[in-house]
Structure formats: C-alpha cells, structure tokens
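I am opening a notebook page on one protein chain, and I want to set down carefully what I look up in it.

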Amino acid sequence: MSNKLLLSVAVTSALISGHAFAHDTSFQNNSCDMELDGHIQYYQGDLTVQMDNGSVMTIDAQHNMTINGESVSLDREQQRWVSEYYNNIDIAIPMTLTIASEGLEIANVAVTEVFTELLGGDQMGDDFNELFNSLETKLNTSFYDDAGNIRVDSTKFDEPGWFDESWEQEFETQIESLISESMGRILIAVGTQMLWEGGDMSEFEQKMERWGEDLEYRLESQAASLEEKGEALCKVLKKADYAEGKMQASISGLDDLNLLDIDHRDHQEQRGHNDEMKM
C-alpha cells in the first residue's frame with residue numbers, strides 16, 4: 001500500500017511539472033533553442049551588446065548605432081537590418097517577461113490546488129504562497145527598476161540562455177524540498193481520505209483521477225495560450241537572429257556579433273522565413 005500511496009503523490013507532482021512548465025519544454029524542444037553568445041543590456045530604450053572580442057555595440061531608441069562609442073554611418077540597407085534587429089529584440093524582451101510571469105501564475109494554481117485537495121487547509125499552503133511571492137518578487141527586482149521600466153543585464157545571468165532560467169530551477173528545488181519535508185503529512189492526509197472511502201484503494205484512485213482531469217481541463221486553456229506566446233516569441237527571435245546575420249555581414253566592426261544563437265530545427269521553415277524577409 002505504501003508504494004501505491006507514494007505513486008499517487010508522484011502522479012500529482014508530475015501533474016504540477018507537466019502543466020506548469022509545458023510551455024517551456026515545448027518552446028525549447030519543438031520551436032527553437034536559443035542561447036546568448038555575448039552579453040546584452042537593455043534599459044530605457046538603449047540596447048547594448050558586448051561581443052566576444054570585447055567590442056561594444058549600442059543601438060538607441062532612434063536606431064542610431066555606435067561601436068565602442070563611435071557613431072556608425074549606415075546606408076539604407078544596413079539601417080533596415082539594424083532597425084529590424086532592434087525592433088524584434090525590443091518586442092522579445094517584454095514577451096519573455098510576460099511568459100515567465102504567466103507561467104508562475106499557472107504553476108501557483110496547479111500547486112495550490114494539488115495540495116489543497118490532498119491536505120485541505122494546512123501550513124503547507126502558506127509555505128507555497130510564500131514561495132510564489134518570493135519568486136514573483138525575484139522576477140520583478142531582476143528585470144524592472146523602481147519605476148517599472150524593463151531592465152535587462154545578461155552579465156547577471158547564471159546561465160547562457162535567452163533569459164536566466166535559475167528562477168525555474170529554484171522553483172523546482174523548493175517544491176521538492178517542501179514535498180520532502182511534508183511527506184509525512186501528505187501520507188497521513190491521503191490515508192485519511194482513503195478511510196473515508198472505506199479503505200477502497202481503487203475508489204480513491206478513481207477519485208484522484210477525476211479530480212486530476214478536472215484540474216487539467218481548467219488549466220488547459222491557460223497552458224495553450226502560454227504555448228502560443230512561446231511560439232510567437234520564437235518567431236520574433238528568429239527574425240532578430242536573421243537581421244543580426246545581415247548586420248554582421250554588411251557592417252564593419254561587427255565580425256564578432258553573434259548574440260543570438262538559435263538551433264534551427266526546421267530548415268525549410270527558416271528558408272520560408274528568409275524569403276518573407278526579402279519581400
């Protein structure tokens with residue numbers, strides 16, 4: 001019986017991870033895998049990229065470019081790619097933050113409902129609320145100033161991804177810690193609910209399955225919306241990556257510019273995108 005109880009808890013934990021982060025794994029594995037090669041800073045309209053050779057490129061809100069503080073004269077075609085590059089990164093940054101924030105909200109609902117169903121009113125619910133509040137605070141302080149302006153500095157990232165994913169790792173680690181610390185209460189609560197069912201394990205499993213399907217149904221539209229936003233973000237980043245290649249090839253001093261490193265999994269899709277960009 002103990003193994004079956006642990007299995008039930010594992011299933012609910014899988015439900016949390018599967019639905020709370022479905023948007024992230026889908027974005028990473030099916031759309032595009034994005035990494036930063038170099039460092040990016042973005043604040044109050046100024047986009048700054050530090051390249052591997054130490055040179056620094058800056059594009060302001062009017063799409064003027066400087067390299068190492070010196071203004072760069074651009075022809076019409078070059079200006080087109082600089083503007084395309086800037087505009088798409090300018091779009092991608094708030095999109096990324098929105099996805100992260102909404103992902104936390106979905107995870108909060110999933111986790112809270114799972115353990116409310118298992119434990120009812122319990123201190124563990126307060127612990128989870130504290131966890132989500134701290135993660136939301138971390139997201140805000142990491143990417144916004146006191147006036148609410150977006151502020152990005154990849155030199156502070158722990159990983160080379162498009163945006164730092166340490167908050168997600170922190171979430172998973174703390175969830176595992178809370179579950180481990182509360183396993184005794186979880187097993188007692190599950191056992192109590194089974195007693196209410198007359199000790200019928202199959203009846204209890206069916207009840208949990210029905211409840212899980214209901215939670216999945218209620219979260220499905222939110223998760224689908226988040227996945228669509230992830231796919232839209234990927235398309236924006238691909239446009240920025242394409243413009244970056246054009247800039248590197250045509251503007252002197254940008255030989256080492258390769259900030260956006262995308263694993264293009266669908267070459268036919270990229271060729272179609274390139275044709276679209278030429279129109």
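The entries below go from the whole chain to single residues and pairs.

**Ground rules.** I note that this is a predicted model, in which local features need pLDDT of at least 70 and side-chain atom pairs count only at pLDDT 80 or more, while totals for chains, interfaces and linings use all residues. Residues are numbered from 1 along each chain as its sequence is written, and side-chain values use heavy atoms, with hydrogens and water left out.

**The whole chain.** I looked up the secondary structure and found 8 helices and 8 strands, where helices (H or I, at least four residues) and strands (E, at least two) are DSSP runs numbered from the N terminus. Of the 279 residues in the chain, 43% are buried; buried means under 20% relative accessible area, exposed over 50%, and partly exposed in between, with a 1.4 Å probe and protein chains only. I also looked at contacts (heavy atoms within 4.5 Å), and among those between residues at least 6 apart in sequence, 73% join residues at least 24 apart.

**Strand 2 and its partners.** Strand 2 covers residues 39-43, with Ile40 and Tyr42 on its covered face and His39, Gln41 and Tyr43 on its uncovered one. Strand 2 pairs with strand 3 in the antiparallel sense over 5 bridges, a pair being called when DSSP finds at least two bridges between two strands. I wrote down Leu47 in strand 3 as the bridge partner of Tyr42. The hairpin of these two strands has 2 residues between the strands, and Gln44 takes a positive phi near 50 degrees there. Strand 2 is also joined by 3 bridges to strand 7 (residues 151-153), again running antiparallel, and the bridge partner of Tyr43 in strand 7 is Arg151.

**Gln50.** I then turned to Gln50, which lies in strand 3 (residues 46-50). Gln50 counts as partly exposed because its relative accessibility is 38%. Leaving out residues up to four places away in sequence, Gln50 touches Gly38, His39, Ser55 and Val56. The C-alpha atoms of Gln50 and Gly38 are separated by 5.8 Å, although these residues are 12 apart along the chain.

**The aromatic pair.** The structure holds 1 aromatic pair; rings of Phe, Tyr and Trp (its six-membered ring) pair if their centres lie within 6.5 Å, with planes under 30 degrees apart counting as stacked, over 60 as edge-to-face and the rest as tilted. The pair is edge-to-face, because the rings of Trp81 and Tyr242 have their centres 5.7 Å apart and their planes at 80 degrees. Trp81 lies in helix 3 (residues 76-119) and Tyr242 in helix 7 (residues 201-250), so the pair ties together parts that are 161 residues apart in sequence. Both Trp81 and Tyr242 are buried.

**The salt bridges.** I found 2 salt bridges, each being a side-chain nitrogen of Lys or Arg within 4 Å of a carboxyl oxygen of Asp or Glu. In one of them, Arg80 meets Glu77 with the closest N and O atoms 3.6 Å apart, and these residues are separated by about one helical turn because they are 3 residues apart in helix 3. In the other, Lys229 and Glu102 have their closest N and O atoms 2.7 Å apart. Lys229 lies in helix 7 and Glu102 in helix 3, so this pair ties together parts that are 127 residues apart in sequence.
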